[in-house]
Amino acid sequence: MLQRPKDTVHEDFSENFSKALLEESRKDSCESAPAESSFRPCLMHRRSFLAGTLGLMAGLFCAPPLTASGFGSTACAFAADNTEHADILAEYAARLQYHMENNGDLRLPALSARDRRRAIPNDNRPPARRTPVTTLPPNSSALEGVVRRVHIESGEKVCALTFDMCELATTTTGFDADIVIWLQDNNIPATFFMGGKWMRTHERRVRQILRDPLFEIGNHAWAHGNFALLSLKRMREEILDTQSQYELLREENIANAGRSGLGESLPPPEALRLFRFPYGRSSEQALQLLNEYGLEPIQWDVVAETGGNNASVSRARQVINKVQPGSILLFHANLVPRGSFQLLRYVATGLQRKGYRFVTVGELLALGTPERARDGYFEKPGDNAELDKRFGTEGTGR
Ligand SMILES: [Zn+2]
């Protein structure tokens with residue numbers, strides 16, 4: 001089989017990933033229209049909005065009188081003649097059934113198989129509260145650089161799966177529900193690095209993830225700002241707005257649990273403690289800020305997705321071969337790279353066959369000694385610096 005030369009993998013990734021983000025930006029350009037025209041979306045939006053609405057209506061109107069198992073097959077006439085909608089209903093039925101059978105489980109059923117991109121109008125307003133209530137003690141280890149992997153003294157085969165949910169100021173990206181559901185169904189822990197703006201455009205999804213103790217959430221800046229380019233003021237905003245947005249959603253979950261009388265048996269942490277630099281780009285000033293705000297900069301030593309369609313066994317093999325005890329793998333769960341879900345399945349099951357178990361990044365840090373670099377990179381130091389020329393003057397697409 002023809003193998004891609006090793007040293008082009010990272011170029012492929014950064015090239016294609018940035019192209020994909022820019023592409024999203026362009027598609028979403030009609031969302032930057034003034035507020036008064038926000039109810040006259042472009043054709044693409046109307047289509048995705050209609051699909052989402054039909055799925056939601058079908059769920060709302062058909063679910064109560066039907067049992068979960070009969071739901072997908074009986075369904076509503078308007079959905080049955082559309083394969084895509086029928087799939088959404090079947091997925092919803094399966095999740096609903098799962099939820100019913102696991103009464104008391106913290107997980108919530110998903111409404112649809114995946115949230116489509118551009119279903120939600122782009123919204124770049126800051127969060128409702130801009131100063132986080134919880135402040136963490138300083139973390140001086142951030143001054144030593146970003147964590148690329150963790151050295152595991154015993155050599156135990158343990159690694160961390162991480163998923164970025166990146167979103168530029170000008171873009172609304174997606175949510176790969178397939179990934180989250182598969183991780184839940186297979187009881188695999190994971191860490192999600194969420195952009196603060198992404199959290200707000202996917203509030204319900206974040207609140208679902210927050211309720212599941214299998215998962216850990218980290219800060220991935222507000223609008224994917226490039227910390228090698230941002231002013232000190234903007235860096236602070238990117239960090240703190242995301243901390244605040246997390247707090248708001250956490251508070252909402254706890255308030256809802258109180259109202260329902262169920263209580264929050266295992267409330268999520270009060271503040272995010274991990275931070276991932278967008279594009280892996282950092283600076284001395286940025287590390288000092290993370291120290292000040294008590295955050296730990298977490299990178300990766302294994303890039304999972306590359307350019308093109310990632311749903312291939314050969315790509316999975318390349319990824320698996322790079323993993324060693326203490327590795328941190330970088331995936332995306334925002335539907336920007338293609339084939340992330342299939343690649344995850346191949347990689348995770350392949351690693352399990354090799355004897356690996358998965359933990360969150362927080363757990364991995366406690367198992368060994370972090371290995372750090374001054375600045376982040378994909379596969380070779382400096383290989384991400386070329387991204388400074390894209391995505392606007394501060395990297396957020398503005
Ligand atoms: Zn990102």
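Let's start at a strand pairing: Val146 stands opposite Ala373 in strand 10. This is a predicted model, in which local features need pLDDT of at least 70, side-chain atom pairs count only at pLDDT 80 or more, and totals for chains, interfaces and linings use all residues. Residues are numbered from 1 along each chain as its sequence is written. Helices (H or I, at least four residues) and strands (E, at least two) are DSSP runs, numbered from the N terminus.

**Strand 1 and its partner**
- Strand 1 runs antiparallel to strand 10 (residues 369–373), and five bridges join them; two strands pair if DSSP finds at least two bridges between them.
- Strand 1 (residues 146–151) is largely enclosed by the rest of the structure, because five of its six residues are buried.
- A residue is buried if 20 or more other C-beta atoms lie within 10 Å of its own, exposed if 12 or fewer, and partly exposed in between, with C-beta atoms placed from the backbone.

- In helix 11 (residues 313–322), the buried residues are Arg315, Ala316 and Val319.
- These residues cover an arc of only 100° around the axis, so they sit on the same side of helix 11; the arc is that of the directions from the helix axis to the C-beta atoms.
- Val313, Ser314 and Asn321 are exposed on the other side of helix 11.

**Glu292 in helix 10**
- Helix 10 (residues 284–293) contains Glu292.
- Glu292 counts as partly exposed because it has 15 C-beta neighbours inside 10 Å.
- Glu292 and Leu143 are 149 residues apart in sequence, yet 9.8 Å apart in space, C-alpha to C-alpha.
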